[in-house]
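Please look over the model shown here, and then read on for a short account of its ligand site and its domains.

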Amino acid sequence: MTNETGARRARFDHVSLQYATASGPLTVIDDVSYDINERDFVAVIGPSGCGKTTMLNMLAGFQKPTTGRVLFDGAPVAGPGPERGVIFQEYGVFPWLTVRDNIAFGLRLNANRVSAAERDEICAHYLDLMGLTEFADAYPKHLSGGMRQRLAIARVYAVKPRFLLMDEPFGALDAQTRIHMQNLLLRVLAAERKTVMLITHSVEEAVFLASRIVIVTARPARIKDIVEVPFGYPRAEQLRDGKAFAELRARVSRLVMDEYNAPAPRRTVAAD
Ligand SMILES: Nc1ncnc2c1ncn2[C@@H]1O[C@H](COP(=O)(O)OP(=O)(O)O)[C@@H](O)[C@H]1O
Ligand SMILES: [Mg+2]
């Protein structure tokens, strides 16, 4: 399979966003335009605090641009929808539900409702995939941070959204679990048609997973560069060992580091 993608799913069209703060408007996104097509895997990378979560939230339907348009399937995003599954930067689990019921939660909602038998089967599958079977009846407070994040991921995978919005989903995991979760995501993508927007700090992760990398500047987020990743799917662990991988990682790192080295974040107000 190649990186050939299909119809446009999402578009940021000259999007800017300002937050109202005590010291005046803070420009967080500044005239950002790019498309995400069917089956694209777009990684967005940039310095912390630059506006990546804000960008994802606009496509998820939690925030509206100040100017410009965020389109999903041709229409301005009006709010969240079941076709867009969001994995948040911080553990998106319900503390009052067991691990199993957290995974089952979305499968009981109208948009994704399935029969009880199918629900059990899907829960068992994702419990196993995420290494949580033994903890099926435990509550999230009894899980480690990494396990909670795996549960948050399982909840979203279980309802099989066609469009995944992932906000640094593996950031809190130890290095080994992180690699395991990256490979699992590739397996899920190989099995199910999906389009992905992934926010990450990690150049390695972006190059390993994405078909395209959107590099954004220090705040306010502007497009610094868009880099096509030439590797097809499915991808295996050995990809990381190759020369082409190392070269691309170095190139993207340079672009990203430029922004970390930028003298000071560009601001419209003195401080936040
Ligand atoms: N609701 C808000 N009101 C005011 N400022 C905010 C709000 N949310 C985020 N910010 C500020 O906007 C900037 C970008 O935030 P965010 O999108 O979370 O960045 P990132 O995800 O790239 O770290 C940060 O400086 C943050 O402090
Ligand atoms: Mg963020």
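The report below turns to the ligand site and then to the domains.

This is a predicted model, in which local features need pLDDT of at least 70 and side-chain atom pairs count only at pLDDT 80 or more, while totals for chains, interfaces and linings use all residues. Residues are numbered from 1 along each chain as its sequence is written, chains are lettered from A and ligands numbered from 1 in the order in which they are written, and side-chain values use heavy atoms, with hydrogens and water left out.

Ligand 1 is surrounded by twelve residues (a residue counts if one of its heavy atoms lies within 4 Å), and the closest are Gly49, Lys52, Thr53, Thr54 and Arg219. By class, this shell holds four nonpolar, five polar and three charged residues, where Ala, Val, Leu, Ile, Met, Phe, Trp, Tyr, Cys and Pro count as nonpolar, Asp, Glu, Lys and Arg as charged, and the others, Gly among them, as polar. The table lists polar contacts of the ligand, which are pairs of N or O atoms within 3.5 Å.

| Residue and its polar atom | Atom of ligand 1 | Distance |
|---|---|---|
| Tyrosine 19, side chain | nitrogen | 3.5 Å |
| Glycine 51, backbone | oxygen | 2.9 Å |
| Lysine 52, backbone | oxygen | 2.8 Å |

Taken alone, ligand 1 exposes 560 Å², and the protein buries 66% of that, with areas from the Shrake-Rupley method and a 1.4 Å probe.

An automatic or database domain assignment gives domain 1 (1-83 + 161-272) and domain 2 (94-160). Their contact, meaning heavy atoms within 4.5 Å, takes 17 residues from domain 1 and 13 residues from domain 2, although the C-alpha centres of the two domains lie 26 Å apart.

Key
Polar contact = N/O pair within 3.5 Å; in protein donor to acceptor, adjacent residues only side chain to side chain.
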